[in-house]
Amino acid sequence: MATLPFSLEGRVALVTGGAQGLGQAIAAGLAQAGAHVIVAARNAERVHAAVAALAADGGRAEPLVLDVTDAAAVDAAFAHIDATHGRLDILVNNAGARNRSNMAHLNAADLREMLETNLVAPYALCRHAAQLMRRGRYGRIVNVSSIAGQVARANDVLYPATKGGLDALTRAMAADLGRDGVTVNAVAPGYFATEPNQPMVDDAGVAEWLRQRTALGRWGQPEEIAGAVVFLASGAASYVTGHVLAVDGGYLAHF
Ligand SMILES: NC(=O)c1ccc[n+]([C@@H]2O[C@H](COP(=O)([O-])OP(=O)(O)OC[C@H]3O[C@@H](n4cnc5c(N)ncnc54)[C@H](OP(=O)(O)O)[C@@H]3O)[C@@H](O)[C@H]2O)c1
């Protein structure tokens with residue numbers, strides 16, 4: 001079991017949306033720190049490719065094809081994790097959905113749909129994870145929120161509500177699970193160069209705006225999220241819970 005503060009040796013971690021983007025970088029960071037990483041997402045081909053990439057880098061990983069909004073599939077996935085490992089030490093709720101538009105185009109059904117992925121599923125997974133974590137009186141939950149949980153822009157009316165809810169849920173679950181030895185924190189990424197953002201990454205106007213708008217003056221690269229998550233998942237963060245850690249190049253700190 002872990003001896004160095006940032007070591008995750010001997011830990012079992014589940015990363016949702018771990019097959020690409022921020023989730024893939026988080027999975028790589030956890031594996032590099034010594035964890036056995038269960039990589040979950042819907043697209044089987046991508047999940048297997050991500051696991052193969054981790055293994056090629058010397059990491060321990062396994063695939064889990066899972067839609068986090070499918071309650072029966074989530075039940076089965078946790079039964080499988082329990083049967084295979086008998087434990088889960090780290091859960092990273094990273095899978096997320098975003099439908100960017102304004103109030104004229106997004107209705108209440110759109111809000112319900114986004115909430116299913118961004119809030120209901122993380123809660124369901126946390127409940128399952130907590131059951132396994134309570135047994136060992138040890139657990140680390142990290143929810144991937146967004147700076148949009150704290151600030152908003154026009155033409156993106158629902159996503160901030162789902163992430164603000166996730167921030168509040170993080171605090172509430174931290175309060176609920178603390179006495180079981182389980183910490184619950186979130187990271188709030190700023191602007192990262194991942195696939196859904198590619199059109200903006202290719203836009204020189206956005207690069208210039210970020211140059212002025214963020215303290216570090218640039219896009220974040222996916223691997224730059226990993227250190228914060230490894231920290232929150234490790235023994236080094238043993239007295240940190242209910243916290244939302246911005247990983248945003250100083251977006252929230254700077255204007
Ligand atoms: N990139 C940014 O700048 C940024 C900023 C702030 C917050 N975030 C948050 O960071 C997280 C990752 O973002 P990203 O940019 O890396 O996104 P991404 O490249 O679109 O990756 C999302 C991952 O989630 C999986 N996923 C989506 N819905 C799922 C579901 N229902 N069940 C299981 N897996 C699901 C996707 O795989 P499948 O389609 O195969 O399922 C994919 O692996 C999200 O929560 C996002 O809101 C990102």
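**Which atom type of the ligand lies 2.9 Å from a backbone N or O atom of Asn43?**

The views below concern a predicted model, in which local features need pLDDT of at least 70 and side-chain atom pairs count only at pLDDT 80 or more, while totals for chains, interfaces and linings use all residues. Residues are numbered from 1 along each chain as its sequence is written, and side-chain values use heavy atoms, with hydrogens and water left out.

**View A. Surroundings of the ligand.** The ligand is surrounded by 26 residues, and the closest are Leu22, Arg42, Asn94, Tyr159 and Thr194; a residue is near a molecule if one of its heavy atoms lies within 4 Å of it. The atom 2.9 Å from a backbone N or O atom of Asn43 is an oxygen atom of the ligand. A nitrogen atom of the ligand lies 2.9 Å from a backbone N or O atom of Val68. In the side chain of Lys163, an N or O atom is 3.0 Å from an oxygen atom of the ligand.

**View B. Packing of helices H4 and H5.** Helices (H or I, at least four residues) and strands (E, at least two) are DSSP runs, numbered from the N terminus. The axes of H4 (residues 108-136) and H5 (residues 159-177) come within 9 Å and cross at roughly 15 degrees, which makes H4 roughly parallel to H5. Axes are lines fitted to C-alpha atoms, for helices over the stretch in contact, and angles run from 0 to 180 degrees between N-to-C directions. Angles under 35 degrees count as roughly parallel, over 145 as roughly antiparallel, 65 to 115 as roughly perpendicular and the rest as oblique. Residues in the contact (heavy atoms within 4.5 Å) include Leu111, Met114 and Tyr123 of H4 and Tyr159, Lys163 and Leu177 of H5. By class, the contact of H4 with H5 has 13 nonpolar, three polar and two charged residues. Ala, Val, Leu, Ile, Met, Phe, Trp, Tyr, Cys and Pro count as nonpolar, Asp, Glu, Lys and Arg as charged, and the others, Gly among them, as polar.

**View C. Packing of helices H3 and H4.** Helix H3 (residues 71-85) packs against H4 at an angle of about 20 degrees, with the axes 10 Å apart; H3 is therefore roughly parallel to H4. Val74, Asp75, Phe78, Ile81 and Asp82 in H3 meet Leu125, His128, Ala129, Leu132 and Arg135 in H4. Six nonpolar, one polar and three charged residues make up this contact of H3 with H4.

**View D. Crossing of helices H1 and H8.** The axes of H1 (residues 21-32) and H8 (residues 226-233) come within 9 Å and cross at roughly 50 degrees, so H1 and H8 are oblique to each other. Ala25, Ile26, Gly29 and Leu30 of H1 form the contact with Ala226, Val229, Val230 and Ala233 of H8. The contact of H1 with H8 has seven nonpolar, one polar and no charged residues.

**View E. Glu195 and its contacts.** Glu195 is placed in the loop between strand S6 (182-189) and helix H6 (198-201). Not counting residues up to four places away in sequence, Glu195 touches Gln20 and Arg46. The side chains of Glu195 and Arg46 are joined by a polar contact of 3.0 Å. A polar contact is a pair of N or O atoms within 3.5 Å; within protein, one must be able to donate a hydrogen and the other to accept it, and residues adjacent in sequence count only if both atoms are side-chain atoms.
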